[in-house]
Amino acid sequence: MSKTDIKSLNMQELEQRMLELGEKKFRAKQLYEWMHVRLARSFDEMTNLSKEFREKCRETYDYTALNAVQVQESALDGTKKFLFELADGNVVESVWMKYKFGNSVCISSQVGCRMGCRFCASTLDGLERCLLPSEMLDQIYEITRLTGERVSNVVVMGTGEPMDNYDNLLKFIELLTDKNGLNISQRSLTVSTCGIVPRMQQLADEKLQITLALSLHATTDEKRRKLMPIANQYSIRELMETCQYYFDKTGRRITFEYSLVGGVNDTGEDAQQLVALAKPLNCHVNLIPVNPIEERDYVESGKKEVQEFKNKLEKNKIHVTIRREMGRDIDGACGQLRRRHKKG
Ligand code: SAH
């Protein structure tokens, strides 16, 4: 049987474990600080703890740490893309983006994905496994160590469907936003989902202050089913009701992500239908020109179409932004780096 993953324990759980080990409660605080503030990569780094105690910890617990196997830096905008190796040899990707308001990190929540969205490279080989809370944290911790800069925003928009790893996601949020840890505010965290309705409802009931982003990408069920298999399970109507529920429970504005695919979902009619969906909700629309992957023949919408689409939404008083395309020169699309690495 594998050992307990120490970095996924909250302070209370850690204190309980220390007492069970016959140690004093304050050991938990010391360990917690080493793991979540000083970002130690192993028990060995915890130099103010006795050798005996560290040895005891090593015998009792698993300690996760990532190894950067590849780092790419964009010559265009300084975006950095990291390929990290996990303890079992699997790799995940994370992205570091510098904005005016601070540094943002995009993390993966699973190794691979089983959602099957047609335009996405992360799902081509299916789901390998879910990430532990510690492995989600590690992506942020390792990037903080490697860049030497504080991370101010986190988006769970890398490989994987966070709602398909719900319990670990919640634990990750608890640890990331803990005042004894990195203390990143809930408002600085965005979780993106392809739209798993029961989990979105559950998340609403947690009454967190995080931003929920829904990958909508189409305005009719028929069109959405062609792009996203999950649309066979939940209708757009159910999704909109759930978004309203999330807003009612949390007071947080929803983000709709809408990847524009040339000739597929970027017409004037699509824009009009999106207005109809967005209007009744307190939401923000983020347009993403689709990032073409070689395994599929989707193309991005032209500059003119993107602008027209945006104008139509704005004319109807919908908050809209076009996602700044960062790191296009470094395999920017979800899952492309990992795939290339695996093939290589
Ligand atoms: N599974 C979650 C989060 C990961 S994907 C979700 O579906 O939301 C993050 C966002 O990138 C989603 O909106 C996804 O649909 C979008 N995306 C994936 N591949 C893309 C591509 N090649 N071009 C543009 N957007 C893409």
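Predicted model: local features only at pLDDT ≥ 70, side-chain atom pairs only at ≥ 80, totals over all residues.
Next, select the residues where the two domains meet: domain 1 brings 16 residues to the contact, while domain 2 brings 17 residues. Between them the domains bury about 1300 Å², and 48% of this area is on carbon and sulfur atoms. To see where much of the domain 1 side comes from, show Lys 7, Leu 39 and Arg 41, which together supply 40% of the area that domain 1 buries against domain 2, more than any other three residues.

Now move to the ligand, which is surrounded by 16 residues, with Glu 161, Ser 192, Ser 215, His 217 and Asn 291 as the closest. If you colour this shell by class, you will count 6 nonpolar, 8 polar and 2 charged residues.

Zoom in on Ser 192 and look for a polar side-chain atom that lies 2.5 Å from an oxygen atom of the ligand. Then turn to the backbone, where a polar atom of Asn 291 is 2.8 Å from a nitrogen atom of the ligand, and where a polar atom of Phe 119 is 3.0 Å from a ligand nitrogen atom.

How much of the ligand does the protein bury? Taken alone, the ligand exposes 530 Å², and the protein buries 94% of that area. Finally, select strand E10 (189-193) and strand E12 (254-260), the elements that each give two or more residues to the shell around the ligand.

Technical notes. Residues numbered from 1 in each chain as written. Heavy atoms only, no water. Near = heavy atom within 4 Å. Polar contact = N/O pair within 3.5 Å; in protein donor to acceptor, adjacent residues only side chain to side chain. Areas by Shrake-Rupley, 256 points an atom, 1.4 Å probe, with all protein chains shown as cover. Helix = DSSP H or I, 4+ residues; strand = E, 2+ residues; numbered from the N terminus. Nonpolar A, V, L, I, M, F, W, Y, C, P; charged D, E, K, R; others polar. Contact = heavy atoms within 4.5 Å. Buried area = accessible area lost by both parts, 1.4 Å probe.
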